[in-house]
Amino acid sequence: MFTYLFKRAFTLLFVLLGLAVLIFVIARIVPGDPARIALGPLATAEQVTKLQNEMGLNDPYPVQLWTYLSGLVQGDLGKSLLTSRPVMDDIMGALPATFELVLFTVVLQILISIPLGVIAAIYRNTWIDSVLRVISLLGVVTPGFVLAIILQLIAAHYLGFFPVTGRIDPGIGFSAEITGLLTIDGLIAGRFDVVIDALRHLFLPAIALAAAGIGQVMRITRTAMIEVSSRDFVEASRAYGIPERVVTFRYMLRVASVAPLTILGLEFASLIGNAFIVEFVFSWPGIASYGVRTILQKDLNAVIGVVLVSGVFFVVANLAIDLLLGILDPRHRIRAGRGS
Amino acid sequence: MSRLLDIRDLCIGFDAYGQHRRVLHNVDLHVNEGERVSLIGQSGSGKTVTMRTIIGTLPMPPGKVEQGSIHYNGQSLLDLNKQDRNRLKGTGISIVLQDPMLSFNPVLTIGRQMDDVIRYGDMRLGISRARTERRAHMIETLKKVQLTDGNRVLDSYPMMLSGGMRQRVLIGMALLNKPRLLIADEPGTALDVTTQDEILALLNRLVAEEGLSLLLITHNLGVVREMADRVYVMERGHIVETGTRDEIFDAPKHAYTRQLMAAVPPLYGAGVKTTRHEGTHPIINVNAVTKTFETRSGWLNRVTGNFRAVSNVSLTVQQGDIFGIAGESGSGKTTLAKIIMGLTKPSLGAVQIDGRLLDGFAGTQDFRKLIQIVYQNPGSSLNPRRTVGDQLAVPLKFTGFDKTATKRRISELLDLVELPQNYAAMYPHELSGGQKQRVAIARALSVNPKILVLDEPTSALDVLVQSTVIDLLHDLRREFDLTYVFISHDLSLMRNFCNRVAVMLRGEVVETGPVAEIFDTPQHPYTRALLSAIPVISPEEDARKPKVSKEERAAVLATSTELEDT
C-alpha cells in the first residue's frame with residue numbers, strides 16, 4: 001500500500017509541473033497586454049513600458065519561466081494587479097469557501113447518486129426505475145446556473161428556509177480561523193448554531209452544483225450493479241445463505257463501485273468549472289468570483305494562480321479516488337505494487 | 001434408504017417478453033441419504049434451472065413453479081416460508097459452482113468471504129461463535145480440502161490463488177456450515193485435466209468421509225462414470241432415462257443417451273478412429289523457437305526477470321497433417337500458435353511457412369491467404385452487430401473481391417459449412433453455438449487458405465455438436481487439401497482427430513510423433529500423467545490408460561494444494 005501511495009504521489013508531482021508550464025505558455029499566447037489593461041487607456045507608452053519591465057514581461061520567455069517556476073516552489077505566485085496583494089494571500093482567503101462548497105457537493109453526490117443507483121438496479125424495469133431515470137436525465141440536462149436560479153426562486157424565495165446568498169448569516173458573528181471551513185470550525189468551537197447556519201447556506205448551491213454528477217453517477221451505478229448481479233459469486237453468496245442486504249452492499253456494491261467512483265473523480269474538473277457560475281449566482285465568496293474578475297482584467301499572475309489551484313484540486317481529488325479504489329479493490333493495489 | 005431430496009412431477013415455466021415457455025416437464029428426481037447422483041444433459045437441457053430451483057436462487061418471476069413438489073428431509077421446500085427456506089441455504093443444501101474464478105468476490109479476502117458464510121449461517125441457527133473460533137473452523141475446513149497453509153489462504157485474495165486451489169476453497173466454502181446435500185455444478189471442468197482429476201478424487205473422498213449426499217450436474221460423461229452411483233439423463237426439460245451408473249453406461253436404453261455416449265470420442269479401444277496421413281512436403285517449419293516475456297516490478301518498472309513461454313521448440317508440420325498441440329494452461333501452446341500465425345515475433349529461432357521465412361512475410365496479403373485461424377469461442381470471436389454475410393465479406397474485401405464476387409463467395413461458403421443461404425442475413429445471437437462456429441470456420445476459409453489454426457474450436461460446444469463440427473472439418477480438409485494445426489487440451493478428441501501430436505509442458509515440447517504411437521506407448525511421464533487423468537466412459541479404456549507413479553507425477557506436475565509465490 002505504501003509503494004502504491006508513493007508511486008501515485010510521485011506521478012502527481014510531474015502532472016503539476018506540466019500543468020504549471022502549460023498555464024504559463026497559454027498565458028503568454030492569449031492576446032492583450034496586462035500592463036496596458038492595468039494602467040488603463042490614459043497611461044502613456046513610457047508608463048506601460050516601465051510596468052512591463054517591473055513585471056518582467058520584457059524578459060526572454062525562458063527567464064520568465066524560470067522566475068515563475070522558482071517562485072512557485074516557494075509558494076510565491078507574484079502580485080495581483082487587481083488587488084495589489086500577493087496572489088497567494090488572495091487565493092488563500094477565498095479558497096476555503098470554495099473548498100467547503102465543493103467538498104459538500106461531492107459528499108452530496110456520493111450520498112445521493114450511489115444509493116439511488118443501487119435502488120434503480122434492484123427495482124430495474126419497474127416504475128421506480130423509470131422515475132429515477134427521469135430524475136437523473138433532468139439532472140444531467142439542466143445547466144447548473146439554470147438550476148441555481150430555479151432553486152433560489154423556489155426553495156429560498158417561496159419557502160424561505162434556505163438563504164439565497166452568502167456563506168453565513170453576518171449577524172452570527174463567527175469567523176473560521178482554524179481550517180477556514182465554517183462547518184468544521186463551528187464543530188470545533190462547539191457552536192452548533194454556526195454549523196446549522198452554514199449547512200443551510202451550503203445546501204442550495206451544492207445541490208445546483210451536484211445535480212449533473214448525480215444524474216450521471218446514478219446511471220453508471222445502476223448499470224454496474226446490474227452487470228455485477230449476474231456474476232457467479234452473487235449466486236454463490238445467496239446459495240450459501242448470506243442475507244440479501246449483505247449480498248447487495250458488501251458483495252455487489254463493492255465490486256460495482258469502481259466505475260462510479262472513477263467518474264466522480266473525473267467529474268471533479270467540471271465541478272470546479274461549474275462552481276464559477278454557481279458561486280456567482282449565490283454570491284458565494286469563493287475563488288470563483290475572484291477568478292472571473294481576474295480573467296476579465298487579464299491579471300496574469302492571479303489567473304495562473306487560480307488555474308493552478310483548480311489543477312491541484314483536480315489532481316488531489318483523483319489521487320484520493322485512486323487510493324479509495326486501491327482500498328476497495330485489491331487488484332488495483334496489487335497490480336500497481338507489482339508494477340505490471 | 002430414506003430420500004434426502006425428493007423432486008416429484010416438477011414443472012417450471014418462464015414468462016419472457018409476453019411469451020410463456022415451459023422449461024422443465026414433469027421432472028422426477030431423488031437423492032437418497034449418502035448417495036451420489038448425477039444429472040447429465042447438454043446446455044439448455046434444464047439442468048441449471050433444476051439446480052437453482054432446489055437451492056432457491058431461481059428468480060421468480062420470470063420463473064414460475066407450475067406444478068410438482070420438492071422435499072428436502074421431509075419438508076416441502078416450495079411451501080416453506082422465506083425464513084425457514086433461507087435457514088436451509090448453506091446449512092442443509094449447499095453448492096459448488098462451476099467456475100472457481102468467477103465464484104468468488106474478487107475484492108474480498110478468502111477469509112472474509114468464508115467468515116461471512118459461517119457468521120450468517122450461525123445467525124440463522126441462533127448460535128454465535130467468537131472470531132477466533134470461526135477462524136479455527138475455517139482452517140480446519142481448509143485442511144479437509146487438503147489446503148494445509150490455512151492462514152495464508154485466508155489472508156489471500158482470490159486472484160492470488162491458482163485455479164485448482166480456488167476450486168478447493170470453493171468446496172471448503174460449501175462445507176463450512178456442514179450441509180447434508182451438496183450440489184456440484186460441473187466441478188473441475190474449468191480446470192486442467194490433471195487438476196480436475198485431483199478435485200474429483202477429493203469430492204469423492206469428502207462425500208464418503210463427511211456422510212454427504214451429492215447431486216452432480218455435468219455434461220461430461222467421463223466425470224459421471226467416476227462420480228455417480230445413479231444417473232438421470234435430461235433432454236429439453238424431460239428426464240428421458242434413469243438408472244444405476246452401470247445400467248446407463250453398459251446398456252443405455254433411450255436413443256438420446258446412446259447418442260450422447262456415441263459422441264464422446266474414445267481414448268482407447270475399438271471405437272477409436274485413427275486419422276492416417278503421411279505428408280511428403282513440410283508446410284510449417286518451426287526451428288528452435290524461443291519466446292521470452294519480460295517480467296517487470298518495482299517503482300520504476302524495471303525488468304526483473306524473464307519468463308519463457310516457449311522454449312527451444314522445433315516442429316515440422318507436413319502438408320495435409322492434422323497436427324495437434326496438446327498441453328495444459330500455461331504450457332505455451334497458444335503462444336506457439338501466435339508465433340506460427342505471425343502475430344507474435346519469436347525471441348530466438350525462425351519459422352517457415354510454405355517454404356518462406358516469416359520475417360517480412362507475416363502480415364502481407366499473400367500470408368493472410370495462406371494461413372487463417374478459428375478461435376475457441378465463436379460467441380466472442382464474431383461481431384454481434386454484424387450479420388453473418390457481413391462478417392464473411394470482411395476478409396474478402398481485403399483480398400480484392402468486388403461486390404458480385406463477394407456475394408457469390410458468401411453463398412459458396414455457407415454451402416461449404418452446410419448452413420442454409422438465408423443465414424447470411426442473420427445476426428450471431430440468432431444462431432446456436434455450433435452454427436456460430438460454422439460461421440467462424442467459413443470466415444477463416446473465405447480466402448482459400450492452405451492452413452487453418454484451430455484454437456480449441458469445439459471446447460465451447462456440447463459433445464453432440466462437437467462431433468458434427470469435427471466431421472465438417474474432416475470433409476473440408478479432404479475437399480481442399482487443408483492442413484490443420486489443432487490446439488487443444490482435450491486429448492480424447494485429439495486421439496480421434498489428429499494424425500500427429502506434440503505434447504507441451506512449460507514451454508517445451510516433451511514428446512511428439514504419430515498419434516497412435518504417443519497414445520499407445522507414451523514415453524514422457526507428463527504425457528502419461530495427462531492421459532491417466534482423463535475421465536473415460538468404459539472400463540476397457542480405464543484399463544488401457546498408462547500408469548504413472550506418484551514420484552513421476554510429482555516430478556512433472558505441481559499439485560493444486562501449494563500456494564504459488566506471487
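Two strands are counted as paired if DSSP finds at least two bridges between them. Strands (E, at least two residues) and helices (H or I, at least four) are DSSP runs, numbered from the N terminus.

In S7(B), B:Ala184 is the bridge partner of B:Val96. The structure is a predicted model, in which local features need pLDDT of at least 70, side-chain atom pairs count only at pLDDT 80 or more, and totals for chains, interfaces and linings use all residues. Residues are numbered from 1 along each chain as its sequence is written, chains are lettered from A and ligands numbered from 1 in the order in which they are written, and side-chain values use heavy atoms, with hydrogens and water left out.

## Chain A

Chain A holds 15 helices and zero strands. Its C-alpha trace spans about 85 × 55 × 40 Å along the principal axes. Of its 340 residues, 45% count as buried; buried means under 20% relative accessible area, exposed over 50%, and partly exposed in between (1.4 Å probe, protein chains only). A contact means heavy atoms within 4.5 Å. Among contacts in chain A between residues at least 6 apart in sequence, 72% join residues at least 24 apart.

One helix pair of chain A is described here. Helix H12 (residues 258–281) and helix H14 (residues 300–328) of chain A pack with their axes 9 Å apart, at an angle of about 165 degrees. Axes are lines fitted to C-alpha atoms, for helices over the stretch in contact, and angles run from 0 to 180 degrees between N-to-C directions. H12(A) and H14(A) are therefore roughly antiparallel to each other, a term for angles over 145 degrees, whereas those under 35 count as roughly parallel, 65 to 115 as roughly perpendicular and the rest as oblique. The crossing of H12(A) and H14(A) is right-handed; a crossing is so called if the near helix is turned clockwise from the far one by less than a right angle, and left-handed if anticlockwise.

The residues of H12(A) that meet H14(A) include A:Leu261, A:Gly265, A:Phe268 and A:Ile272, and among those on the H14(A) side are A:Phe313, A:Ala317, A:Ile321 and A:Leu324. By class, the contact of H12(A) with H14(A) has 15 nonpolar, four polar and no charged residues. Here Ala, Val, Leu, Ile, Met, Phe, Trp, Tyr, Cys and Pro count as nonpolar, Asp, Glu, Lys and Arg as charged, and the others, Gly among them, as polar.

## The sheet from S6 to S10 of chain B

Six strands of chain B form an open sheet with mixed pairing, in the order S6-S7-S8-S3-S9-S10. S6 and strand S10 (238–244) of chain B are the edge strands, each pairing on one side only. The twist averages 20 degrees from one strand to the next. S6(B) runs parallel to strand S7 (residues 181–185) of chain B, joined by four bridges. Helix H10 (residues 255–263) of chain B lies across strand S9 (230–235) and S10 of chain B, at about 100 degrees to S9(B).

B:Ser94 is found in strand S6 (residues 93–96) of chain B and is buried, with a relative accessible area of 0%. Leaving aside neighbours within four places in sequence, B:Ser94 is in contact with A:Tyr240, B:Ala174, B:Pro179, B:Leu181, B:Leu182 and B:Ile183.

## The sheet from S16 to S20 of chain B

Another open sheet of six strands has the order S16-S17-S18-S13-S19-S20 (chain B), and its pairing is mixed. Its edge strands are strand S16 (371–374) and strand S20 (508–514) of chain B. Neighbouring strands of this sheet are turned by 15 degrees against each other on average, direction ignored. Helix H20 (residues 525–533) of chain B packs on the sheet, touching strand S19 (500–505) and S20 of chain B, with its direction at about 100 degrees to that of S19(B).

Strand S13 (residues 322–326) of chain B is mostly covered, with five of its five residues buried. B:Ile322, B:Gly324 and B:Ala326 point one way from S13(B), and B:Phe323 and B:Ile325 the other way.

| Strands | Bridges | Sense |
|---|---|---|
| S17(B) and S18(B) | five bridges | parallel |
| S13(B) and S18(B) | five bridges | parallel |
| S13(B) and S19(B) | four bridges | parallel |

B:Leu452 has B:Tyr484 in S18(B) as its bridge partner. B:Phe323 stands opposite B:Val485 in S18(B), and B:Ile325 opposite B:Ala502 in S19(B).

## Positive phi values

B:Asp9, which is not a glycine, has a positive phi of about 55 degrees. B:Asp9 lies in strand S1 (residues 3–16) of chain B and is partly exposed, with a relative accessible area of 29%. B:Arg506 has a positive phi near 45 degrees. B:Arg506 is placed in the loop between S19 and S20 of chain B and counts as exposed at 53% relative accessibility.
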